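Student: I am new to this structure and would like to learn how to read its features. Could we go through them one by one?

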Amino acid sequence: SPQATNPGPAAPACWARAAGAKEIFFQAWGEDKDTLVERGLRLSALGPDVVVKLVVSQAGAAACAELAGRGIPTLLTAVYHPGQAMIAAAAGATYIAPYLGRLVDAGRDALGDVLAMHELLEATGSPTKVLLASIRDVASMVTLARSGVQHFTFSPAVAEAFFTEELTIAASRAFEEAVVATTR
């Protein structure tokens, strides 16, 4: 049966912990608050490092408030409007996850919207943090980090881009050439 071969969320949690993850994010699913809470509780039982992800819908925000009230770390995801950051703060979310690339694709002022979310959370004294997702370039990360956004999730391609600065690559080559020249 599919159930017998599906290791469930415990397997990725073990892998993530072994890789050094301090937090592991699992998405709860369901269309109503009670289902989301029940599934969120099951996910959080995997360990104290689990953060339960919920979509910032009415049901998701209500489930977030209940889970957060029980001391369970939460993340409200699919946050696309600064006003949704206020909902997340009121629900006690640990994080919000705006998707920068999707905001760009929608023709929105993506950096401006994410900065507004961060500023709203800061201005209200909320402990809710922005965990920026769907990042497509280093420049966007730098811009947002300069404004105080501290948490990012990004692809290996973006991670690699941190090491493709042409001046750094040229300097590295020059250093190596200098060593070779002095050892002849």
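**Reading the features**

Tutor: Start with serine 134, which counts as partly exposed because its relative accessibility is 23%. Buried means under 20% relative accessible area, exposed over 50%, and partly exposed in between, with a 1.4 Å probe and protein chains only as cover. The model is predicted, so local features need pLDDT of at least 70 and side-chain atom pairs count only at pLDDT 80 or more, while totals for chains, interfaces and linings use all residues. Residues are numbered from 1 along each chain as its sequence is written, and side-chain values use heavy atoms, leaving out hydrogens and water.

Student: Where is serine 134 found?

Tutor: Serine 134 belongs to strand 5, residues 129-135. Helices (H or I, at least four residues) and strands (E, at least two) are DSSP runs, numbered from the N terminus.

Student: How many helices and strands does the chain have?

Tutor: The chain has 10 helices and 6 strands. Its radius of gyration is 20 Å, well over the 16 Å that the globule rule gives for 184 residues, so the chain is more spread out than a compact globule. That radius is taken over C-alpha atoms, and the rule is 2.2 Å times the number of residues to the power 0.38. Along its principal axes, the C-alpha trace spans about 70 × 45 × 30 Å.

Student: What share of the residues is buried?

Tutor: Of the 184 residues in the chain, 34% are buried. One of the buried residues is histidine 118, with a relative accessible area of 9%. Histidine 118 lies in helix 7, residues 110-123.

Student: Which residues does histidine 118 contact?

Tutor: Contact means heavy atoms within 4.5 Å. Setting aside neighbours within four places in sequence, histidine 118 contacts Val130, Ser147, Gly148 and Val149.

Student: Is aspartate 49 buried or exposed?

Tutor: Aspartate 49 counts as buried, since its relative accessibility is 14%. Aspartate 49 is in the loop between helix 3 (33-44) and strand 2. Not counting residues up to four places away in sequence, aspartate 49 touches Arg17, Lys22, Glu23 and Ile24.

Student: How do strand 1 and strand 2 pair?

Tutor: Two strands pair if DSSP finds at least two bridges between them. Strand 1 and strand 2 (residues 50-55) pair in the parallel sense, over 4 bridges. Glutamine 27 stands opposite lysine 53 of strand 2. Strand 1, residues 24-27, has a covered face of Ile24 and Phe26. Phe25 and Gln27 form the uncovered face of strand 1.

Student: Is alanine 139 buried or exposed?

Tutor: Alanine 139 counts as exposed, at 51% relative accessibility. Alanine 139 is in helix 8, residues 138-146. Alanine 139 and leucine 67 are 72 residues apart along the chain, and their C-alpha atoms are separated by 35 Å.

Student: What share of the contacts joins residues at least 24 apart?

Tutor: Among contacts between residues at least 6 apart in sequence, 48% join residues at least 24 apart.
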